Amino acid sequence: MILLPSTSFANEALPVAEDPVLEKRLVELSENLRCLVCQNESLAGSRADFAIDLRREIREQMKADKSDEEIIDFLVARYGDFVLYNPPLKTTTILLWFGPLILFIGATTALIFYLRRRRTQIDDIPLSESQRLEAEALIRKINKE
């Protein structure tokens, strides 16, 4: 009963941005940016404190009438190409773009060489006459049982 009157003073949560158009633009831009704390999550979906600060910074720059390209350039200058989900192809990101392909080709080549070398290392040693007769006797004994 004591808590009942206090809930009547509760207000509805205020929206994150006063301008829904600005908020939509923020979400669209931050979907293509990586959270630097989470790394596998977009900036829009991250709940890390750093991501919240970055979204606030982006929102302020949008209010200052900066274009998306200017905002992205600012973030790349500050945090590097890693902040982008699709970093540009340049000398500093070439390993990022082609590294997985190079590793796959290298691992496949190493596996092929290993299997070929292993095949040549396995020698087929023929049985001696006494071993062959002993094996045949064991087979006959198993078949009788």
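Here is a short walk through this predicted model, from the whole chain to its core and then out to its surface.

Of the contacts with a separation of 6 or more, 45% link residues 24 or more positions apart.

Next, select Leu29, Leu33, Leu43, Ile58, Met62, Ile71 and Leu75. These belong to the largest nonpolar core, which has 15 residues, and they touch the most other members. Now colour helix H2 (20–30), helix H3 (49–63) and helix H4 (68–79): each one gives the core at least two residues. H3 has the largest share, with four.

Zoom in on Ile58 and show what surrounds it. Skipping neighbours within four places in sequence, Ile58 is in contact with Leu26, Leu29, Leu33, Leu43, Ile71 and Leu75. As a rule, nonpolar side chains in soluble globular proteins tend to be buried together.

Buried residues are 19% of the 145 in the chain. The chain exposes about 11,900 Å², and 60% of that comes from carbon and sulfur atoms.

For the last stop, select Leu89, Ile94, Leu95, Leu96, Trp97, Phe98, Leu101, Ile102, Phe104 and Ile105. Together they make a nonpolar surface patch of about 1,100 Å². Click on Leu96, one of the patch residues: Leu96 sits in helix H5 (residues 94–121). Is Leu96 buried, partly exposed or exposed? It counts as partly exposed, because its relative accessible area is 48%.

Notes. Residues are numbered from 1 along each chain as its sequence is written. This is a predicted model: local features need pLDDT of at least 70, side-chain atom pairs count only at pLDDT 80 or more; totals for chains, interfaces and linings use all residues. Side-chain values use heavy atoms; hydrogens and water are left out. A nonpolar core is a set of buried Ala, Val, Leu, Ile, Met, Phe, Trp, Tyr and Cys residues joined through side-chain atoms within 4.5 Å. Buried means under 20% relative accessible area, exposed over 50%, partly exposed in between (1.4 Å probe, protein chains only). Contact means heavy atoms within 4.5 Å. Accessible areas come from the Shrake-Rupley method with a 1.4 Å probe; for residues, only the protein chains shown count as cover. Patches are made of residues with over 30% relative accessible area and no salt bridge: like charges are joined within 9 Å, nonpolar side chains (Val, Leu, Ile, Met, Phe, Trp, Tyr) within 5 Å. A salt bridge is a side-chain nitrogen of Lys or Arg within 4 Å of a carboxyl oxygen of Asp or Glu.
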